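These are my notebook entries on the structure shown below. I kept them in the order in which I looked things up.

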Amino acid sequence: MSLKKEIINDSVPKHIAIIMDGNGRWAKKRNQSRDYGHKAGKESVNKIVEACAELEIKNLTLFAFSTENWNRPTLEIDFLMKLLLLSLNKELKSLNKNNIRFKTIGNLEKLPKKVTSYLKKVAKETQDNNKMTLTLALNYGAREEIVNAIQVIGDKVKNNLISLKNIDESVINQHLYTHYLPDVDLLIRTSGEKRISNFLLWQIAYAELYFTKKLWPDFSKEDLYKAIVNYQKRERRFGKTSEQIN
Ligand code: IPE
Ligand code: IPE
Ligand code: MG
């Protein structure tokens, strides 16, 4: 029996973020190359995007490549970039067909030129879609994002475009890569690791965290439903008492 029926439709998370981890271990268990695992991970992305759209989740953000992932072997990085290019090429049509807006967060300038220009093309050609926003975090690091925001804000202060006393949380929000997104409601990490790995540090301030041992290529729609059902059973108090909520 599917857990989908247990999901309360009018209180699904507005923003789900996922640290898609475990491709390498998934492949190793099968005596295959890490690249094979990444290819399988791509199939999971398709399924989970589809499931989120079906559930009318408005925002899905996927961690695809971190600022730290440059430390991996060059051949693996090359493969990931190729896979990304191939996938964008293949999925552009279906993003439009399914009314999904595509965005990226992270510093795109360091990615291969071909990849950067294709990312921009897909973002542009899907910009008016409004069923769901799918954001890929690429060369993304939360600390880099915060440093970048501080530099831009500092520059504006220097040029009298913002005054120091007006800097508040909303000004900082507006200068993060995620300025168009609401805070994360539910953060999922697969593969059994219980860490954040420099993902969305500011935006997860009050997110519910969900860790599963499932490796990313094995993470199914049913696993997503399970995470959402679990999320919906939690009491989000935001500092208040339980009595104040109920
Ligand atoms: C996640 O899987 C994908 C990326 C970070 C690009 P991993 O490649 O980290 O898989 P493990 O953690 O080695 O199993
Ligand atoms: C986090 O996974 C980054 C992505 C999922 C893209 P990693 O596998 O790189 O994280 P660590 O290094 O094990 O923390
Ligand atoms: Mg990993």
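Is Arg189 buried or exposed? I looked this up and found a relative accessibility of 5%, so Arg189 counts as buried. By the cut-offs I used, buried means under 20% relative accessible area, exposed over 50% and partly exposed in between, with a 1.4 Å probe and protein chains only.

Before going further I noted the conventions. The model is predicted, so I kept in mind that local features need pLDDT of at least 70 and side-chain atom pairs pLDDT 80 or more, while totals for chains, interfaces and linings use all residues. Residues are numbered from 1 along each chain as its sequence is written, chains are lettered from A and ligands numbered from 1 in the order in which they are written, and side-chain values use heavy atoms, with hydrogens and water left out.

**Arg189**

I placed Arg189 in strand S5 (residues 186-189). Helices (H or I, at least four residues) and strands (E, at least two) are DSSP runs numbered from the N terminus. Leaving out residues up to four places away in sequence, I listed Ile19, Asp21, Arg195, Ile196, Ser197, Tyr210, Phe211 and Thr212 as touching Arg189. Contact here means heavy atoms within 4.5 Å.

**Ligand 2**

I found Arg189 again among the residues around ligand 2, which include Asp21, Asn69, Arg72, Arg195 and Ser197. A residue is listed if one of its heavy atoms lies within 4 Å of the molecule. I then looked for polar contacts, meaning pairs of N or O atoms within 3.5 Å; within protein, one must be able to donate a hydrogen and the other to accept it, and residues adjacent in sequence count only if both atoms are side-chain atoms. An oxygen atom of ligand 2 is 3.3 Å from a side-chain N or O atom of Arg189. For the side chain of Asp21 I noted 3.2 Å, and for that of Arg195 2.7 Å. Taken alone, ligand 2 exposes 390 Å², of which the protein buries 77%. Accessible areas come from the Shrake-Rupley method with a 1.4 Å probe; for residues, only the protein chains shown count as cover.

**Ligand 1**

Around ligand 1 I listed residues including Met20, Asp21, Gly22, Arg34, His38, Asn69, Arg72 and Leu80. A side-chain N or O atom of Asp21 is 2.9 Å from an oxygen atom of ligand 1. A polar side-chain atom of Arg72 is at 2.8 Å from a ligand 1 oxygen, and a polar backbone atom of Gly22 at 3.3 Å. Ligand 1 alone exposes 380 Å², and the protein buries 86% of that.

**Core**

Which residues touch the most other members of the largest nonpolar core? I noted Ile16, Ile18, Leu60, Leu62, Ile188 and Leu224, in a core of 46 residues. Such a core is a set of buried Ala, Val, Leu, Ile, Met, Phe, Trp, Tyr and Cys residues joined through side-chain atoms within 4.5 Å. Helix H3 (residues 74-97) gives the most to this core, seven residues. A second, separate core has 17 residues, among them Phe63, Tyr180, Leu187 and Ile204.

**Whole chain**

I counted eight helices and six strands in the chain. Their order along the sequence is β-α-α-β-α-β-α-β-α-α-β-β-α-α. Buried residues make up 48% of the 246 residues. The C-alpha trace spans about 55 × 50 × 35 Å along its principal axes.
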